Amino acid sequence: MAQLRLTDFFGRTKTAVSITGKHGTRAHKAAILTPPGSRNDGAVPTPPASPRTPTRSAAPQIPRVAGRKRSRREMGEETPGGERGGKSARKRLELPRDAGPETASPPSPAPLQPPTASRTCIPSLEQNSGTTPRLEQEELAALQSRLQRMRMKPPPTQVPPVPAGVGAELRSRLQSLQGLEQRLRAKAAGNGTGQHGVTGTETPVTTGNSTQLPAYQRFHALAQDTPPGLTLPYKYKVLAEMFRSVDTIAGMLFNRSETITFAKVKQGVQDMMRKQFEERHVGQIKAVYPTSYRFRQEKNIPTYSSGVKKSQYQLTLEPVLGEDEQLCGRPHLSASRLLERRKEFHRSLVNIVKQHHAAFLAALSPPMEVPEDKLTRWHPRFNVDEVPDISPAELPRPPQEDKVSTAQEVLSAARGTVSTKMEKALANLALRSAEAGAEEPALSKAASPASTSSALKGVSQALLERIRAKEARRLQVLMTRAVEQEERLAMMGRLPAMARILRGVFVAEKKPALPMELLCARMVDSYPTEMAAGEMEKHLRLLAELLPDWVTFHAIRADTYMKLDKNTDLSLVTERLEKAAKEAEAH
């Protein structure tokens, strides 16, 4: 037997692929340590394989760099069945893809081919290989039978009976929904025509185009941080600002003896307000304040622009002034006169809104009538921003020679030259045009009060009339209340809380009387709302006026002292103040 040399083991190390499995390494070590005669009897002794030499197979091996760690996929490809060398053996159960649920059957498990190096850990797997497919086959058969029974089950043909009471309830709900749908359609139709039904609890609407306006215009009056009063709609305020701008520009041009044309005024107003100014707005100004300007159509006016020819007619404005408004022998539009004209324009706008407000009050149930000179605020349900826009007055038009514009002019010019049928058609058209021009625009009025709503059915009509009359009286008092009385009511509403703070100040100071300055300072510091010392003194004097037996003032030399009766029950004091506030609000 030839002697083995150590160098025979490292002949092919550069091209060999390493095997890193635990059992494979042990198998190769056993092969190296086994005597040559026991492994290859009767054959020529050959040098044993190196531990790094892989087992030869039919597939060619890709040479790789020695010492690189192999991935698990490469290790699985080297063992039969994709098993890991010496660790475990896994089965893969594959079902046929094209087989139906009735014909599908589980395939037989593939025979396991454990590697030669891990023969010792396969017997347990070979013993249990038949039980697992059998269990899976039984489960699959059970699922197939349940699916078949579900497919064979007939669908339900009869609907379960409905209780007798449920049908009547559903019918009543359906009727109520149909009635609601009809009311919504009627309301939508009323919105389109601008008329709404008015009851004692509903709000009449005076116009139907409010949906086209943005929200900051429709709710302009609600967003004003001013005390309640006769506020104007947004579009009326814009028109008042336009009149102020027109008056400012016209005053400068008039005092410089320049001819005031609409083109000059339009450019100046648009630059000042950043809004579009058109002849329609001039017509509205004339409708609100007819005696503010004289309007004419003149030509041969220097324009200094290429857009307007000198021979064309232009609309001119001239302020109307009195005989005494002169400076150096000629008329002059002073700043004080501009302020008076602005106030007059504002009063005219308020009077227009008052007319719509009177129409609104007349449409209520019961109707209300408030004198315009005593009106200090609008009705709470009167939507100021929905007052219709002002119709523009007619402005002078440039004369048009040899041009017909109406059917009457056409008829008079073509009389005798056209047929009889044409003359009759022109006469009818002229008659209809004359009738349409004779109609005057009427004020927007709300619809007549609608019948009693379904929610008030069963209530006595006399009781409803008394409630509505009482509400009307309360609203009438509210609309005719003066500004001074409104301020006094607001002060009386704050007195109950101030009375509690005032008693606490006297208890903390432990004195029967305190000077007015010190007392006002303590009250201002303790009151939750910020208030000046002068306003606090007004509240304290009003408190002494309403409760003279609880609070009194004493003037000693140059100072004023307040004395408070601590023995009086505070709950009685607050009750008397609240009662006085309610009585004042009712009157």
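Thr316 is buried, with a relative accessible area of 3%. Buried here means under 20% relative accessible area, exposed means over 50%, and partly exposed lies in between (1.4 Å probe, protein chains only). The residue belongs to strand β3. Leaving out residues up to four places away in sequence, Thr316 touches Thr259, Ile260, Thr261, Arg294, Phe295, Arg296, Glu298 and Ile301. A contact is a pair of heavy atoms within 4.5 Å.

This is a predicted model, in which local features need pLDDT of at least 70, side-chain atom pairs count only at pLDDT 80 or more, and totals for chains, interfaces and linings use all residues. Residues are numbered from 1 along each chain as its sequence is written, and side-chain values use heavy atoms, with hydrogens and water left out.

## The chain and its confidence

The chain has 587 residues, and 27% of them are buried. Its secondary structure comes to 18 helices and eight strands. Both are DSSP runs numbered from the N terminus: helices are H or I with at least four residues, strands are E with at least two. Of the contacts with a separation of 6 or more, 66% join residues 24 or more positions apart.

pLDDT is the predictor's confidence in each residue, from 0 to 100. The chain averages 74, and 63% of the residues score at least 70. Residues 80-87 stay under 50, and the model has 24 contacts for them beyond four places in sequence. Residues 440-451 are also below 50, with 23 contacts beyond near neighbours in sequence. Where pLDDT is low, the predicted coordinates should not be read in detail.

## The sheet around β3

Strand β3 sits in an open sheet of three strands, with the order β1-β3-β2 and antiparallel pairing. β1 (260-261) and β2 (293-298) stand at the edges with a single partner strand each, so one side of each has no neighbour in the sheet. Two strands pair if DSSP finds at least two bridges between them. β2 and β3 (residues 314-319) are joined by six bridges in the antiparallel sense. Arg294 has Glu318 of β3 as its bridge partner.

Helix α8 (residues 234-255) packs on this sheet and touches β1, β2 and β3, while its direction makes about 65° with that of β2. Axes are lines fitted to C-alpha atoms, for helices over the stretch in contact, and angles run from 0 to 180 degrees between N-to-C directions.

## Helix against helix

What does α8 meet in α10? Leu239, Met242, Phe243 and Val246 of α8 meet His281, Gln284, Ile285 and Val288 of α10. By class, this contact has six nonpolar, two polar and no charged residues. Ala, Val, Leu, Ile, Met, Phe, Trp, Tyr, Cys and Pro count as nonpolar, Asp, Glu, Lys and Arg as charged, and the others, Gly among them, as polar.

Gln284 of α10 counts as buried, at 4% relative accessibility. Beyond its neighbours within four places in sequence, Gln284 is in contact with Leu239, Asp389, Ile390, Pro392 and Ala393.

| Helix pair | Angle | Axes |
|---|---|---|
| α8 and α10 (residues 279-288) | roughly 95° | within 10 Å |
| α15 and α18 (residues 570-586) | about 175° | 10 Å apart |

α15 is therefore roughly antiparallel to α18, whereas α8 and α10 are roughly perpendicular to each other. Angles under 35 degrees count as roughly parallel, over 145 as roughly antiparallel, 65 to 115 as roughly perpendicular and the rest as oblique. The contact of α15 with α18 has 11 nonpolar, two polar and four charged residues.

## The sheet around β8

Another open sheet of three strands has the order β6-β8-β7, again with antiparallel pairing. Its edge strands, β6 (513-515) and β7, each pair on one side only. Neighbouring strands here are turned by 30° against each other on average, direction ignored. Helix α15 (residues 483-509) packs on the sheet, touches β6, β7 and β8, and makes about 100° with the direction of β8. Helix α17 (residues 533-546) lies across β7 and β8, at about 115° to β7.

β7 (residues 551-556) and β8 (residues 559-564) pair over six bridges. Phe553 has Met562 as its bridge partner in β8, and Ala555 has Thr560. The hairpin of β7 and β8 has two residues between the strands, and Arg557 takes a positive phi near 55° there.
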